[in-house]
Amino acid sequence: MTRTRTTEEQARRRGIIRTATLLALLALGFYIAFILVTAASN
Amino acid sequence: MSAVIHDTDHHHDDHGPAYGWKRWLFTTNHKDIGTLYLFFSLTMFFVGGLMALVIRTELFQPGLQIVDPHFFNQMTSMHALVMIFGAVMPAFVGLANWLVPMMVGAPDMALPRMNNWSFWILPFAFTLLLLTLFLPGGGPAAGWTLYPPLSLQTGAAFPFAIFAIHLLGISSVMGAINIIATIFNLRAPGMTLMKMPLFVWTWLITAYLLIAVMPVLAGAVTMLLTDKFFGTTFFSATGGGDPVMYQHIFWFFGHPEVYIMILPAFGIISQIIPTFSRKPLFGYSSMVYATASIAFLSFIVWAHHMFTVGMPLAGQLFFMFSTMLIAVPTGVKVFNWIATMWRGSLTFETPMLFAIAFVILFTIGGFSGVMLAITPADIQYHDTYFVVAHFHYVLVPGAVFAIIAGVYYWLPKWTGHMYDEKLGKAHFWLSTIFVNVLFFPQHFVGLAGMPRRIPDYSLQFIEFNQISTIGAFGFGFSQLLFLYLVIKCVRGGEKATSQVWEGAEGLEWTLPSPAPYHSFETQPEVK
């Protein structure tokens, strides 16, 4: 059985994916930045 | 525009939970995952508690009694890691899983499959961490802070412990992403940010803290790993590195971590006190701004953990005053909780008793924190039992009491049954008396100079240590009563109404008790 996803549901789904991707990139960025900054400071 | 989707994506309407172990292993339901987190947290609370009892039994008398010093060091290190990452943090994530969707009027968390993964990483990581105790050389013994060069002397356990910490970090970050995505994308129509319950607000800010600092911890321990196995010298002076740098990086993570463990507690208390005062929370918006201020300040106070490593006077002054500044927003919160109770129609059910104890005893931990912020005094207090007393007041009658208060408060909503109020009150009084017997004497031995993390001590500290150990056993055994109470409530009891508590307000109380497997199929409208 299939159902049609409404425009509102699609927008919400895009919002969730966008939020999650940005936050994951932010976390990864912090991880890499701290290692690089420590390496550069030595 | 529209898209065709399979009903497997949206099969809420026509079934409940699966049966048996598959329900728990494959679940994507926020309530199931919340229950898993809370069950895991309770298990780890007892595991970490047993380690604490080993420590306190050894300290009942001076001299070496039951464990050798190396094992004692493993116990202090593992007790902290288990309690922080295994008990307190998962308990708050469990509460967030149960409550955030219900409080914002969402059907579930925004990313349910990732939610499942966030949880199931945890038992794997902790099995790995706890099994290191059986490896040659034992488990991590350099303290939960893993300061080099000492931590680099850890035996075979080292890479396993580092891997476990990475996994815990990944789990926390995934949980945080899920909570933020849920709050930003799945709030009910009409629920603006400033209409969100305080518990949701405190968790939103906590989730940002997690995303900002867990990668910092991961980076620090990755560098420890490469120093140990891949010839780098990030923290070794022999290759141009600096061991003190590790302490800076660690505490840049470590201090916000303290607030990760207390901000959701503030949220719980801010839900409970208005209910049993039958008044709205005093100063809602100031509570939100105080939480955000505490979160901001938590990033600029880290070096107060390391005044004794030596730093310029300007640095000492900066970190002293910035730390003291935290007392301002925290004071706003304590003031608001008291103002909420002021002239309220108060009743003292178990959640309220734990909440009031939280306000008083957490404030004692806050006061000793301000004492520790004073640089010249801290140089005297550093690494003494005074510090142990301080952070245990913040974390046990602080964070743990808030968690227990939250469980009593929402348990009828989760199970559909009222818990045994008489036993709940007995649990409260036993816990409150014994937690003070346990931790208050530690202030005195600390001020008298007893160092932390040692299995032996001078004769003048005997009496206070013995009192503390008696308190530890009393507090530990009192928690068995909590376990019994929770099991009893899950199995049956007086039926709970939807509202449960006369003064309770919020969307979660509009759902029947027990809350249906899928909350809010149709989102409610918030006025």
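**Figure 1. Overall dimensions of chain B.** For 527 residues, a compact globule would have a radius of gyration near 24 Å, and the 23 Å of chain B agrees with that. This is a predicted model. The C-alpha trace of chain B spans about 65 × 55 × 45 Å along its principal axes. Its secondary structure amounts to 16 helices and 1 strand. Of the 527 residues in chain B, 52% are buried. Among contacts in chain B with a separation of 6 or more, 82% join residues 24 or more positions apart.

**Figure 2. Confidence along chain B.** The model has an ipTM of 0.92 and a pTM of 0.95. Chain B has a mean pLDDT of 95, with 97% of its residues at 70 or more. Residues 6-13 of chain B have pLDDT below 50. That stretch still has 10 contacts in the model beyond near neighbours in sequence. Where pLDDT is low, predicted coordinates should not be read in detail.

**Figure 3. The side of chain B that touches chain A.** Here 30 residues of chain B are in contact with 25 residues of chain A. β1 (3-6), α5 (157-185), α6 (198-229) and α7 (243-260) of chain B each supply at least two residues of this side. The largest share, 8 residues, comes from α6(B). By class, this side of chain B has 20 nonpolar, 8 polar and 2 charged residues.

**Figure 4. The largest nonpolar core.** This core has 178 residues. Those that touch the most other members are Val88(B), Val200(B), Ala220(B), Ile269(B), Phe354(B), Phe358(B) and Ala405(B). In soluble globular proteins, nonpolar side chains tend to be buried together. What does Ala220(B) contact, leaving aside its neighbours within four places in sequence? The partners of Ala220(B) are Tyr246(B), Ile249(B), Phe250(B) and Phe253(B).

**Figure 5. Helix α16 of chain B.** Buried positions in α16(B) include Asn465(B), Ser468(B), Thr469(B), Gly471(B) and Ala472(B). Phe475(B), Phe482(B), Leu485(B), Val486(B) and Cys489(B) are buried too. The cover over the buried residues of α16(B) includes α2 (30-58), α14 (385-415) and α15 (421-447) of chain B. After the helix comes Gly493(B), with a positive phi near 140°.

**Figure 6. Ala472(B), a position in α16.** Ala472(B) lies in helix α16 of chain B. Why does Ala472(B) count as buried? It has 23 C-beta neighbours inside 10 Å, and the cut-off for buried is 20 or more. Leaving aside its neighbours within four places in sequence, Ala472(B) is in contact with Ala52(B), Leu53(B), Arg56(B) and Leu438(B). Ala303(B) is 169 residues from Ala472(B) along the chain, and their C-alpha atoms are separated by 31 Å.

Figure 7. Pro451(B) is partly exposed because 15 other C-beta atoms lie within 10 Å. Arg453(B) is partly exposed, also with 15 other C-beta atoms within 10 Å. Leaving aside its neighbours within four places in sequence, Pro451(B) is in contact with Asp383(B) and Thr384(B). Pro451(B) and Gly416(B) are 35 residues apart in sequence, and 48 Å apart in space, C-alpha to C-alpha. Arg453(B) has a positive phi of about 60°, although it is not a glycine.

**Figure 8. A cis peptide bond between two prolines.** Pro148(B) and Pro149(B) are joined by a cis peptide bond, with omega about 5°. Pro149(B) sits in the loop between α4 (112-131) and α5 of chain B.

Figure 9. The segment after α16 of chain B holds Val500(B) and Pro514(B). Val500(B) is a residue other than glycine, yet its phi is positive, near 60°. Is Val500(B) buried or partly exposed? Val500(B) is partly exposed, because 18 other C-beta atoms lie within 10 Å. Further along, the peptide bond from Ser513(B) to Pro514(B) is cis, with omega near -5°.

Notes. Residues numbered from 1 in each chain as written. Chains lettered and ligands numbered in written order. Predicted model: local features only at pLDDT ≥ 70, side-chain atom pairs only at ≥ 80, totals over all residues. Buried ≥ 20, exposed ≤ 12 C-beta atoms within 10 Å, placed from the backbone. Helix = DSSP H or I, 4+ residues; strand = E, 2+ residues; numbered from the N terminus. Contact = placed C-beta atoms within 7 Å. Core = buried A, V, L, I, M, F, W, Y, C linked by C-beta atoms within 7 Å. pLDDT = per-residue confidence, 0-100. Nonpolar A, V, L, I, M, F, W, Y, C, P; charged D, E, K, R; others polar. Rg over C-alpha atoms; globule rule 2.2 N^0.38 Å.
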